[in-house]
Amino acid sequence: MAAGVATWLPFARAAAVGWLPLAKKSMPKPPSDNKSRNDEILIVNVSGQRFQTWKNTLDRYPDTLLGSSEKEFFYNEETQEYFFDRDPEMFRHILNFYRTGKLHYPRHECIQAFDEELAFYGIIPEIIGDCCMEEYRDRKKENLERLAEDTEAEMATDAPLPPDSTSRERLWRAFENPHTSTMALVFYYVTGFFIAVSVIANVVETVPCRPPKGRVKDLPCGEKYSLAFFCMDTACVMIFTFEYLMRLYAAPSRCKFMRSVMSIIDVVAIMPYYIGLVMPENEDVSGAFVTLRVFRVFRIFKFSRHSQGLRILGYTLKSCASELGFLLFSLTMAIIIFATVMFYAEKGTKETNFTSIPAAFWYTIVTMTTLGYGDMVPNTIAGKIFGSICSLSGVLVIALPVPVIVSNFSRIYHQNQRADKRRAQQQDRHSGSQALCVRNRSSFEQQHHHLLHCLEKTTNHEFTDEHTYSEVCMAESVGYRTSRSTSISSHQGLSTSCCPRRAKRRAIRLANSTVSVSRGSVQELDTLHIQKSSIVPQSRSSLNARTQDLKLNCDDTDFTAAIISIPTPPANTPDESLPSSPGIPSILRNSRQLGDCSGSFTHETVKISSL
Amino acid sequence: MSGCTRRCKMGIVKFARSIHRLVTGTLNKDKPEDELEMTVVCHRPEGLEQLEAQTNFTKRELQILYRGFKNECPSGLVNEETFKQIYAQFFPHGDASTYAHYLFNAFDSGQNGSVKFEDFVMALSILLRGSIREKLRWTFNLYDLNKDGYINKEEMTDIVRAIYDMMGKYTYPVLKDEAPRQHVDAFFQKMDKNKDGVVTLDEFIVSCQEDDNIMQSLQLFENVI
């Protein structure tokens, strides 16, 4: 909107004529506008495609290649055009940025090519408009991750190890990348085989086998062939223990390894065996021991080292944690609600299954997931009505988060990348982004500043900030206050001869920056106003301030620019201090005498942030 | 007590309506007047030569003005909302909407609710390149809210209050409530020659011409374009 605001400024300034008859004081001098009115058309030849634009358009962003004098390096004298040997398709977007002030990211282009073009033309990617920013960021992240994975994969499959690697490193490498050596491959398949054997043995030992002679009841195979199963179990555990110890030895960071998920699974898988060895054959404890054997089934998770898909599944579940949490939470809420309702609905019935609310939980879960076992069934009419509502809502509640999880999995599986859900893009786009600024903003700000000052003169009040305002409110009851200066050095002369109250530091608080000025220029406006407020004569009677006393002791060129916009008191009194032409205020004349610093009136030196 | 029952009844009615909507499953049908205005109003200004003849701008300046105008308002028209928004951007401290409203009325010579490029350029021509008399007449037109040829105290108070609104809350010295009124009184004292409570155009022009400050300030804005 910067270009737009700048377009309308002349009109706003012209409309200030409407204030003139009301003004109690006369208006300050406008800043002199030395922008050349003669606009010319530049030709930019990008690989044969000619683009033409106004010079002013390109000058809007002086921090870029096209806006600065850097483009002169590409100027071709014979053809009188600027020649760039770059992609003309991309250049179109770059040029549109100058024209509209918004940078768009073309979706069909490669993100890296786009980044390179931006870097060449000196445009920072942060100013991409909101409409395209998300897409840009997502693609960039994808790209980076793909690159990272590629480099990782490259590194991983790099056959030659550095020759001076220790055996430990080689061992770790063998474990992580079984394809590197045949030994590793053999070990990989052996462990895989034993995991499978162990899992199958766990399963089979519970299957009822034919009872041995002399018994009638069916016996689980585990008890019939207990010795065989025990031997198999021992062998598997031996292998697993050996593998775990090897990994522990080879791991570059043992603590990190021990904390990793896979190692925990390993430990949990082999623990029951050892505990079973240690524990005595006691009837009481063996019950607990049996429970421990359940953990043997975790051996199946060891397969995830061998399977990419399993890893992705686990990864998906981890990344969808919020959806899963939401599912769980909403289900819990619904379960509690419906269980309560069903319990009270069925309370009257004799011999009902709904003996308590927790007992009704089971019914609710079974109904909501549309299982419907039928072991608990409502009998009352109210119970049936609420039961049907329960099953309907169950379908809804469960169906809602599931597609999200599914799409996530498919995306990850297909792209094999991390899912990064869209965050809100309203973070610091505006804080860091406005490094580029419109060039004629310096004159834009002078003029805007002049306009605001005209308003002040019309109403005979001045802009100030909230802090000062509240102080003034307090001060009016207290009386005069001593001048408070923070970053401003104290000044003598006119301003301290009168009410010291006015010698406070005042800055305009530009509320919620609807004016689209850059941060730099906001600061500039602030400092400009500090400047301005310090010179304003403190009493009405001293309007005929002596301009010759207003010497400046700063030879910063930016400073001079700032002074131009400061309303000079002498403008009010067209007498001895003013030249007859209203063109250049006399203070400008004095400001040119930069070498001449008189001590009678030291001006406040305020740092002015350059644009 | 009756208010309570009335509110209860209203609440029940609303609830019943929402149940009804839930049961029948009807979405709000798009009313015909809610449909998007498919007709896009577009306006093209008269030719460049005519505008050049009617205003005090050169062709070059008109071209620059129109390019900027067209960039901002591709449809060629500015409506009051947009006008207010644009103007508010220049005065972030206070509330510029009232003054923008008066300004819009002054720009909109045809009083049809939108400012065309011709209106825009005519007004700018008067403000920037016009004679003193024309400028003062334009200003009088701005102040005269009901366009009856007289400025009375109420109109003036409205204008002055709108201007003071643009200053915002945080001013130095603190803005008191009677400041606008005092300002208006001072203004009338100066302008109303025959003390009849209203200011006519001639009184206005004569009084302004007597004031050197105003005369000088009028020259200031000539190089805005």
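**Ground rules.** I am working on a predicted model, so I note that local features need pLDDT of at least 70 and side-chain atom pairs count only at pLDDT 80 or more, while totals for chains, interfaces and linings use all residues. Residues are numbered from 1 along each chain as its sequence is written, chains are lettered from A and ligands numbered from 1 in the order in which they are written, and side-chain values use heavy atoms, with hydrogens and water left out.

**The two chains.** I took buried as under 20% relative accessible area, exposed as over 50% and partly exposed as in between (1.4 Å probe, protein chains only). Of the 225 residues in chain B, 40% come out as buried. Chain A has 611 residues, and 41% of them are buried. I counted 24 helices and 7 strands in chain A.

For contacts I used heavy atoms within 4.5 Å. In chain A, 70% of the contacts with a separation of 6 or more are between residues 24 or more positions apart. In chain B, 59% of the contacts between residues at least 6 apart in sequence join residues at least 24 apart.

**The cores.** Next I looked for nonpolar cores, meaning sets of buried Ala, Val, Leu, Ile, Met, Phe, Trp, Tyr and Cys residues joined through side-chain atoms within 4.5 Å. Which residues of the largest nonpolar core touch the most other members? They are W19(A), Y87(B), F91(B) and F120(B), out of 75 residues. Helix α8 (residues 153-167) of chain B gives the most to this core, namely 8 residues.

I then followed W19(A). Leaving out residues up to four places away in sequence, W19(A) touches L451(A), C454(A), L455(A) and T458(A) in chain A, and Y87(B), F91(B), Y99(B), Y143(B), I163(B) and M166(B) in chain B. There is also a second, separate core of 28 residues, and V46(A), L58(A), Y82(A) and M90(A) are among them.

**α3 against α6 in chain B.** My axes are lines fitted to C-alpha atoms, for helices over the stretch in contact, and angles run from 0 to 180 degrees between N-to-C directions. Helix α3(B) (residues 59-72) packs on helix α6(B) (residues 117-129) at about 130°, with the axes 11 Å apart. I sort angles under 35 degrees as roughly parallel, over 145 as roughly antiparallel, 65 to 115 as roughly perpendicular and the rest as oblique. The pair α3(B) and α6(B) is therefore oblique.

From α3(B), E61(B), L62(B), L65(B), Y66(B) and F69(B) meet F117(B), F120(B), V121(B), L124(B) and R129(B) of α6(B). By class, I get 8 nonpolar, no polar and 2 charged residues in this contact. Here Ala, Val, Leu, Ile, Met, Phe, Trp, Tyr, Cys and Pro count as nonpolar, Asp, Glu, Lys and Arg as charged, and the others, Gly among them, as polar.

**α8 against α9 in chain B.** The axes of α8(B) and α9(B) come within 9 Å and cross at roughly 130°. That makes α8(B) oblique to α9(B). I marked the crossing of α8(B) and α9(B) as right-handed. The contact of α8(B) with α9(B) has 8 nonpolar, 2 polar and 3 charged residues.

**Positive phi.** I checked two lysines. K147(B) has phi near 55°, a positive value in a residue other than glycine, and is in the loop between α7 (132-143) and β3 (150-152) of chain B. K195(B) also has phi near 55°, in the loop between α9 (178-191) and β5 (198-200) of chain B. Buried or exposed? K147(B) is partly exposed at 35% relative accessible area, and K195(B) is exposed at 56%.

**Two glutamines.** Q447(A) is in helix α19 (residues 441-459) of chain A and is buried, at 10%. Its C-alpha is 7.9 Å from that of L9(A), 438 residues away along the chain. Q219(B) lies in the segment after α11 (212-218) of chain B and is partly exposed, at 38%. Q219(B) and R129(B) are 9.6 Å apart, C-alpha to C-alpha, and 90 residues apart in sequence.

Key:
Helix = DSSP H or I, 4+ residues; strand = E, 2+ residues; numbered from the N terminus. Left-handed = near helix turned anticlockwise from the far one by under 90°.
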